[in-house]
Amino acid sequence: MNKSYKICRQKERKDTPYIHLPYSKSISNRLLIIRHLSETKADILNLSDSDDTVLLYSFLNDIETKRNNRFFCKNAGTTTRFLVALLSICEGEFVVDAEQRMQSRPILPLIEILKSLGAIIEYQNKENLFPIRIIGSQLKNNGTKNLDNHLTSQIISALLLISPYIKGGLKLNLPSNQVSLPYINQTISLANLFGAKIKLKENLIISEESKYIFHAFCVEKDYSALSFIYAFTCVGELEKVIVPNLKQSVLQGDAIAIELFTNLGVETCFEQDCCILSYNPDLVKNKLVVDIKNTPDLFLPLVVSIYAKGIEGEITGIETQRVKESNRIENIARELNKLGERCVVEKDRILIHSGKIDKELKPKFSSYSDHRIVMALCSLGMVCKEIEFDDVSCIEKSWRTFFEDTKYLISQV
């Protein structure tokens with residue numbers, strides 16, 4: 001059901017805002033698969049309440065209880081890829097379906113790799129994959145898999161998560177320009193923590209046959225979510241924003257947001273269990289050139305922040321943005337240009353020209369059913385008199401309480 005939303009710039013300054021971030025969706029989803037495959041079970045503390053994680057959690061319960069063998073994955077890319085890989089080694093027959101948008105998102109290469117390992121998977125055709133029928137079987141290593149450079153890290157992670165249960169293990173040869181490598185490293189680190197034997201040397205990943213032994217684990221706060229708070233702090237030039245219960249992370253590649261947003265004027269300080277963000281105009285660069293190949297989830301808050309600051313910008317490494325929940329390259333350029341034609345898309349990069357936003361504007365934005373587009377554009381409520389969205393129900397995909405948690409930021413300007 002569509003849910004429109006309007007944000008009006010406030011005039012009354014409030015106390016220093018405390019922003020409570022959601023817990024990491026990427027870590028939660030990986031832990032759920034690992035725990036499901038493990039012979040030992042234990043609690044996952046602070047599991048993400050995002051729609052993607054809740055969906056995956058429900059599916060895994062259905063598999064364990066044999067209550068259901070048909071799964072509708074909506075437009076959840078991680079959930080779909082992880083589930084297809086998992087079901088290929090589970091006993092039984094299953095059907096996986098999804099929304100139309102998932103038809104154009106990368107999943108066929110995963111299916112073909114699984115089939116080459118012995119998986120029994122049937123699909124409609126290359127243009128219309130779903131529904132996918134899977135009969136679980138024992139997969140077997142039959143040599144090194146040379147991967148294409150366009151494979152999303154979620155496909156590789158899906159394979160790695162089940163790799164300890166492939167007879168003879170798994171060998172993957174990554175391309176030299178592999179995208180989103182930090183997410184692959186996150187998968188390897190978490191899998192090895194629970195008993196997997198996976199090594200990455202140069203571009204070769206070797207996973208030995210082994211078993212998971214799961215123990216209690218506490219999920220970190222989400223640095224992907226933090227990037228939107230960076231955008232609010234930057235665009236609104238906020239003096240101080242406190243993010244409690246956030247520590248520096250070695251598991252999340254998006255922690256590089258600390259460095260990237262320094263160039264947009266945001267200072268970061270960790271004190272005890274808090275992260276404190278503050279705006280310093282002396283840090284803002286006249287031009288920012290960023291390659292986000294390894295951290296694609298930072299694309300939208302970065303491009304919106306650069307545009308709002310009115311500086312020159314160039315963002316590269318954005319190829320995968322076309323096959324996310326929406327075509328994020330074309331869509332964010334279209335929405336930002338409602339405030340002035342300053343975004344130019346050139347093949348696999350986006351250029352932002354310098355300029356100013358008219359603070360009396362009241363743009364009406366389209367969401368494209370894409371949670372990150374909505375959350376990124378919300379920071380423009382710090383400078384525009386009013387902004388409105390056609391539908392914001394999509395934010396439940398990753399941050400259910402986003403508007404409640406961030407409403408005090410708008411009151412700071």
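In what order do the four strands of the open sheet stand? Select β3, β4, β5 and β6 to find out: the order is β3-β4-β6-β5, and the pairing is mixed. Strands here are DSSP runs of E with at least two residues, helices are runs of H or I with at least four, and both are numbered from the N terminus. Two strands pair if DSSP finds at least two bridges between them.

Before going on, a word about what is on your screen. This is a predicted model, in which local features need pLDDT of at least 70 and side-chain atom pairs count only at pLDDT 80 or more, while totals for chains, interfaces and linings use all residues. Residues are numbered from 1 along each chain as its sequence is written, and side-chain values use heavy atoms, with hydrogens and water left out.

**Stop 1**

Start with the edges, β3 (70-72) and β5 (120-122). Each has a single partner strand, so one side of each is left without a neighbour in the sheet. From one strand to the next, the twist averages 20°; such angles run from 0 to 180 degrees between N-to-C directions, with axes fitted as lines to C-alpha atoms, for helices over the stretch in contact.

Now select residues 93-97 and 132-135, which are β4 and β6. These two strands pair in the antiparallel sense over four bridges. Look for V95, whose bridge partner in β6 is R133.

Next, show helix α3 (residues 77-87), which packs on the sheet and touches β3, β4, β5 and β6. Contact means heavy atoms within 4.5 Å. The direction of α3 makes about 165° with that of β4.

Stay with β6 and turn to its other pairing. β5 and β6 pair in the antiparallel sense over three bridges, and E122 stands opposite R133 in β6. Which residues make up the covered face of β6? They are I132 and I134, while R133 and I135 form the uncovered face.

**Stop 2**

Select F130 and P131. The peptide bond from F130 to P131 is cis, with omega near 0°, and P131 is found in the loop between β5 and β6. Most residues other than glycine have a negative phi, and most peptide bonds are trans.

Jump ahead to K347, in the loop between β17 (343-346) and β18 (349-352). K347 is not a glycine, yet its phi is positive, near 50°. Its relative accessible area is 71%, so K347 is exposed. The classes are buried for under 20% relative accessible area, exposed for over 50%, and partly exposed in between, using a 1.4 Å probe and protein chains only.

Then select Y368, which lies in the loop between β19 (364-365) and α11 (371-378). Y368 also has a positive phi, of about 60°, although it is not a glycine. With a relative accessible area of 24%, Y368 is partly exposed.

**Stop 3**

Select helix α5 (residues 153-162) together with helix α6 (residues 181-193). Their axes come within 9 Å and cross at roughly 15°. α5 and α6 are therefore roughly parallel to each other, a label for angles under 35 degrees; over 145 counts as roughly antiparallel, 65 to 115 as roughly perpendicular and the rest as oblique.

Show side chains to see who meets whom. From α5, the contact is made by S153, I156, S157, L160 and L161; from α6, by Y183, I184, T187 and I188.

Is L147 buried or exposed? L147 counts as buried, at 9% relative accessibility. Leaving aside neighbours within four places in sequence, L147 is in contact with I113, I156, L172, N173, L174 and P175.

**Stop 4: α9 with α10**

Finish with helix α9 (residues 299-309) and helix α10 (residues 328-336). The axes of this pair come within 11 Å and cross at roughly 25°, so α9 and α10 are roughly parallel to each other. On the α9 side, select F299, L300, V303, V304 and Y307; they meet R328, I329, I332 and L336 in α10.
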